[in-house]
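I opened a new page for this one and jotted things down as I looked them up. Here are my notes, in the order I made them.

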Amino acid sequence: MNISLVLLAAGNSRRFEGNKLLSTIDGKPMYLYIADEIEKHCDSLFAQKIVVSQYEEILREMGRRGYTVLENPKGGDGIASSLKIGLDAATGQAVCFAVCDQPYLKGDTIAQFLKCWEMSGRGMGCLSFEGVPGNPA
């Protein structure tokens, strides 16, 4: 199936002291963890890769990695504004949304999710942890 990936990286990190997407974990900015996992484990599953952000550093780096970069100057308005921007640009038969503030999400998990979702025949799917659906559900 032709799937567009939309990475959401525009939030203001209101509850975090500073910009959590640019904060480092083991020397690497948080937003890069999901990008690296996708590149290593499931890059070929996506016909199109998009990132939506209000941060120039993120847009620049993800553009170098082959993503379509879309600026959201209203990232502080909430996730819905980024969802709309990404969805409007997506050309796939399906769209997979993921947030960039989950550094421990593994590419294998994304690949398995997409496989199970396709096999289910359902129109929508969502990752969960211990039975609780996760963001951005």
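**Sheet.** I began with I3, and found it opposite A94 in β6. This is a predicted model, so I am reading everything here as a prediction. β1 and β6 pair in the parallel sense, and I noted six bridges for them. As a reminder to myself, strands of a sheet pair through backbone hydrogen bonds, either parallel or antiparallel.

Next I wanted the whole sheet: in what order do the strands run? I wrote down β5-β4-β1-β6, an open sheet of four strands with parallel pairing. β5 (68–71) and β6 are the edge strands, each pairing on one side only. From one strand to the next, the twist averages 20°.

I then checked what helix α3 (residues 79–89) does here, and saw that α3 packs on the sheet. It touches β1, β4 (48–53), β5 and β6, and its direction makes about 150° with that of β4.

**Helix α1.** Is α1 (residues 30–41) mostly covered or mostly open? Mostly covered: I have nine of its twelve residues down as buried. My list of the buried ones reads M30, Y31, L32, Y33, I34, A35, D36, E37 and I38. I also looked up what covers them, and the cover includes strands β1 (3–9), β2 (24–25), β3 (28–29) and β6 (94–99). Helices α2 (56–64) and α4 (107–120) are part of that cover too.

Most residues other than glycine have a negative phi. I flagged D26, whose phi is positive, near 50°. D26 sits in the loop between β2 and β3, and I count D26 as exposed because its relative accessibility is 77%, where over 50% is the cut-off.

I flagged E130 as well, with a positive phi near 55°. Its place is the loop between β7 (128–129) and β8 (132–133). E130 has 71% relative accessibility, so I put it down as exposed.

C42 is buried, since its relative accessible area is 1%.

C116 is in no disulfide either, and I found its nearest cysteine sulfur, again that of C96, 13 Å away. With 43% relative accessibility, C116 goes into my notes as partly exposed.

How values were computed
Residues are numbered from 1 along each chain as its sequence is written. This is a predicted model: local features need pLDDT of at least 70, side-chain atom pairs count only at pLDDT 80 or more; totals for chains, interfaces and linings use all residues. Side-chain values use heavy atoms; hydrogens and water are left out. Buried means under 20% relative accessible area, exposed over 50%, partly exposed in between (1.4 Å probe, protein chains only). Helices (H or I, at least four residues) and strands (E, at least two) are DSSP runs, numbered from the N terminus. Contact means heavy atoms within 4.5 Å. Two strands pair if DSSP finds at least two bridges between them. Axes are lines fitted to C-alpha atoms, for helices over the stretch in contact, and angles run from 0 to 180 degrees between N-to-C directions. A disulfide is a pair of cysteine sulfur atoms within 2.5 Å.
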